[in-house]
Amino acid sequence: MSKNIDFNDLKFYQKIGFMSGLEVHQQLKTEKKLFCHCPIEYLHNEPDARILRHMRPTLSEMGTYDGTALMEFKTKKNVIYNLFTKVNCTYEMDDTPPFLINTEALEIAVEICLLFNCAVVDEIHVARKQYLDGSIPTGFQRTLIIGLQGWMPYKDRKIRIRQISLEEDSCREISDIGHTINFKGDRLGIPLVEIVTEPDMKTPIEVMEVADLIGTILRKSGRVRSGIGATRKDVNVGVPEGTRIEIKGVSKLKYIPALTHYEALRQTKLLELKKELQIRGINKDTFKSMIRNLTPAMKKNKTNSLYFKNALKEKLEVKAILLKGLGGLLNKELQPNFTFSDEISGRIRVIACLDNLPNIIHTDMPSEKHLVPDAELDEIKKLFGFETPDVIVFTWGENADVETALNEVKLRIIDAMDGVPSETRQAFPDGHTDFERILPGPERMYPDTDHPAQQISKELLDKIKKNIKNTYNELHELYLKKLKVPEKLIKPFVLSSREPLIRKLLNSKTEPSLINEILFNTFTYLKRCRLNPDNIQDTELELLFESIRTGEINTSEVKQILKDALQSNIKLSEILNKLESPVEFKQVKPEMDKILKESKEKKLSLLYKLLREKYPDKRLPIKEINEYLNSKAGK
Amino acid sequence: MNNTDNFKGYKEDVIKVLKKFNARVWSDIEIETNKGTFTGVVLPRSETAPDGYLVVKLITGYNIGIDVNNIINMKETGFKEAHYKIPESEFPVDENKPNVTLLGTGGTIASRLDYRTGAVIPAFSPGELYGAVPELADLANLKTIKLFGVFSENMGPEQWITTAKAIGDEVRNGVAGIVIGHGTDTMHHTAGILSFMVQNSPVPIIMVGSQRSSDRPSSDAAFNLRCAVYSAAHGDIAEVLVCMFGPTSEKYNLLHRGTRVRKMHSSTRNTFRTIGDLPVAMVDPEKLTPIKTDYKKRRKDKDIKIDTEYNDRVAMVYYYPDMKPDIIDSLIDNGYKGIIIAGTGLGHVNKPLYPALKRAKEKGISVFMTVQTLWGFAQMYVYDTGRDLMELGVVPAGNMLPEVAYVKLGWVLGHTTDRDKVVEMMLKPVAGEITEREPENGYLIFQGGTPEISEFLKKNFR
Ligand SMILES: [Zn+2]
């Protein structure tokens, strides 16, 4: 759905007031977990044990429960944790208090803060960040600020880093069906850093590029985990008068442009909806709705609507809510193929646990979608005293869930009067997003009484500083400014495990393109031939480049030489050394002419291949051959 | 507000800096440091934390400590003192519901957070509790009495006696049941002594606490409280019982007899276990299912007997190899009237203690033997050592738990110091503290890692 959109159209995004920041979660490469001494491993076998828990909202500032939190609590979830003897202890079960913080993780986190030019805090305080979704058995995540107010270079400006915190990872979700959510305990407790940028990115493409850059800097540090789920990105998007929306779980960088674009779009559409409600004179005081239980009447009169019939068959309740004066608005498209009604449905799915779709239908839907026969619909409308432009929304399920759902419809309409409700949204690859949960504010943070404050000494800071070498940003600068490497080659070069060799080659004036050709393109080719060029030592490769530089071999021969070396298991240096006494050009010339005549393909590599077959251990007069070929080509 | 309140928990170095910039605890503050400028609220500091760091809650909700040596300037932009109080909403009264009295001894059963400062504020009055656990109103009408506010390790005879008397008063007032909020560490000591001081209760007396504080979503407090209030209001078991999680999963609570229960893990939710017998019942907020049948049933009368005589010259000695007799001697010399020994195996101590034990007997000190294995009986006629010890006046206390024997001996000595009478009272069970038999499933400590238990754990909630 994102074709033909220029995600880098600065003018357009400035016009709509596009604002976006990133939260990058990166697991750290430590031996043990953050607050206990369990080893780190993802497991795929059957869990060894299970526990059942419930999460309960804590009291708010005013000594009451937040309405939404309480609603979520009423349609309560059975939270099941699947645990593994190997990687879970009673700490992860929330049955043992935390142990002192893993110093290895702390030092890596400090190092990462320095990489992003953050002020490292003088004394760290562990905080608890509440999560009611069950993803952490305690009901909160232990998290601590390590760095503040940093920055990273991007293009010709700085992207500001708001903060970097060290946190324990949450559980992996296995399933979420109805009132039961299942989690897996292996990932729980793995140390990770959360890097939060300011909303400094101006277009969706910039968001993607900065996300990529953050990942690159982290990878170059060598202190982070790689693999599926080791790096997770949340993207925050807002427009003026909209709100900061957190898009969770963006699994691939390439999804970012569409996701951020359509989120900004959704917010502008919701602002249009707000205006429309104002025009219709609907506000919190005037808004009227009416809920009716349709179950008894439907049982009596035998409904002919498919959804209702099935619901009654399963002994579920069918209820409906009339929304006074809201006719037409539920069909408003917020994202391509995603209407306001879909948005409400998403919220009901999560909060009321009604996850069989469709979970709502309404009178503004075309009849082929709601499947309620006209006569029946008229009856219901009459019952409600329906007048245009009203709309009736139906839902069905267990009584408590239906009550929650209809109340949620009402709440969502009230939210629409304010524009864009704060929430976290789940990312889908096609660029659309769906409700995940209400966005919790800073009030969900409180101190962890299980930990003493911990000072970060100047000595520790200095020690870590001293050990930081060859950061991505430093090398990027060096490669770009001093070694004159084209921008697109810098990242692969700097991230390569052969970076020291590459730097050496560049310092001895080897062309970046040649390095790319051999160490990347040719190596990829060799790997496809099931050979392992990674086993060749840097010193051997240095000799290879030297031979090219002195003209002992031709670039177009390299592929074959490497292949021979790897296949025969003979050291590259031996092959190169064998090429001793040079063949004279006049000896080669007739051969060349013959080959050139015979072969219609005047491919250089073929020519060298044939010459090499003829003179397997001689050095070829490469300079003369090339001059001769050039002169022929010139004619 | 006085001066110390302005600098709550801070010491010299920080106070100097705060004074210099006219800032104080609860200031909304802008702090310029050589690492950057931060805004937030100045929080009090823990008394035990080192000097030199100022704790600031940032607007993101995170707290950080700032080395005062790094501070260049501070500007107070506002001030709002935190008042740690929970607004109350009235606990609904329903004439058709039973009346339950909650006695508070300390520790927090329910609480709420102060979001500005992150502090945890305990909730206790019915109105506060209703705010925290509204489901309680579905179970009973609640009255609360705060007896004292002490940590559970500071509970002692004085508090036990006050609690027992309060129970007597409330029962005579006609309540349907008593709930006692208590810290978990010494809950089994208190449960034990209340089983002796409170006799013939016509209503349930339920002790409850929490292993995970109630300021967290995963807390066991609300569920424990609901189960306890249900047991007190609707249960049929008129005994002193401890009501805590059965499994670590939030599935049901167990009601443990006050004289047979013990805290067995320093932190798990299901830490309380009945030792050497079966729990009396399972309970959840909707129903109570008896496991045992020999419990005392609820009655309509108010004929409760409160007997709080207590002599605190009692000690408990946990035997270890190579124990020297001077341990016992010092108790004798310090005027102790009763000693409970937690002996090895069936109830043994080493020979070097014999002269000291003999001396104790001569001084009229009552010495009883319990087992440090917790499960099983002191059976001192099996080996010579046991027979020797009995000769020296050490009396085996059956399968009475050491802590229960300790509080019972204090209670018995409050009534008589006549050694024969003491022995007679100690060995005559009052509330199930000694049982005639340990049922076959009375001892179950399964061992993890064995195939059958691994299989069991895969199939059942822990
Ligand atoms: Zn662990």
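How many salt bridges does the rule find across the interface of chain A and chain B? In this predicted model, in which local features need pLDDT of at least 70, side-chain atom pairs count only at pLDDT 80 or more, and totals for chains, interfaces and linings use all residues, the rule finds eight salt bridges across that interface, a salt bridge being a side-chain nitrogen of Lys or Arg within 4 Å of a carboxyl oxygen of Asp or Glu. Residues are numbered from 1 along each chain as its sequence is written, chains are lettered from A and ligands numbered from 1 in the order in which they are written, and side-chain values use heavy atoms, with hydrogens and water left out.

The model scores ipTM 0.92 and pTM 0.88. For chain B the pLDDT (the predictor's confidence in each residue, from 0 to 100) averages 92, and 94% of the residues score at least 70. Where pLDDT is low, the predicted coordinates should not be read in detail.

The contact (heavy atoms within 4.5 Å) takes 55 residues from chain A and 58 residues from chain B. The area buried between the two chains, that is, the accessible area (1.4 Å probe) that two parts lose on being put together, summed over both, is about 4,700 Å², and carbon and sulfur atoms give 52% of this area. In one of the salt bridges, R216(B) is paired with D450(A), with the closest N and O atoms 3.7 Å apart. The interface of chain A and chain B also holds 25 residue pairs in polar contact, both residues being at pLDDT 80 or more; a polar contact is a pair of N or O atoms within 3.5 Å, where within protein one must be able to donate a hydrogen and the other to accept it, and residues adjacent in sequence count only if both atoms are side-chain atoms.

On the side of chain A that touches chain B, the elements that give two or more residues are β2 (49–53), β4 (119–120), β6 (127–130), β7 (140–154), β8 (157–168) and β22 (445–447) of chain A, where helices (H or I, at least four residues) and strands (E, at least two) are DSSP runs numbered from the N terminus. Of these, β7(A) gives the most, with seven residues. By class, this side of chain A divides into 26 nonpolar, 14 polar and 15 charged residues, with Ala, Val, Leu, Ile, Met, Phe, Trp, Tyr, Cys and Pro counted as nonpolar, Asp, Glu, Lys and Arg as charged, and the others, Gly among them, as polar.

Strand pairing, which requires that DSSP finds at least two bridges between two strands, also links the chains: β5 (residues 123–124) of chain A and β4 (residues 63–67) of chain B pair in the antiparallel sense over two bridges, and E123(A) stands opposite G65(B) in β4(B). Within chain A, β20 (residues 423–427) and β21 (residues 433–438) pair in the antiparallel sense over five bridges, with I438(A) in β21(A) as the bridge partner of E423(A). These two strands of chain A form a hairpin with five residues between them, and G431(A) in the turn has a positive phi of about 105°.

Over all chains, a search of the whole structure finds 78 salt bridges. In one of them, R223(A) and E111(A) have their closest N and O atoms 2.6 Å apart; this pair links distant parts of the chain, 112 residues apart, with R223(A) in the loop between α4 (204–221) and β12 (231–238) and E111(A) in helix α3 (residues 103–115) of chain A.
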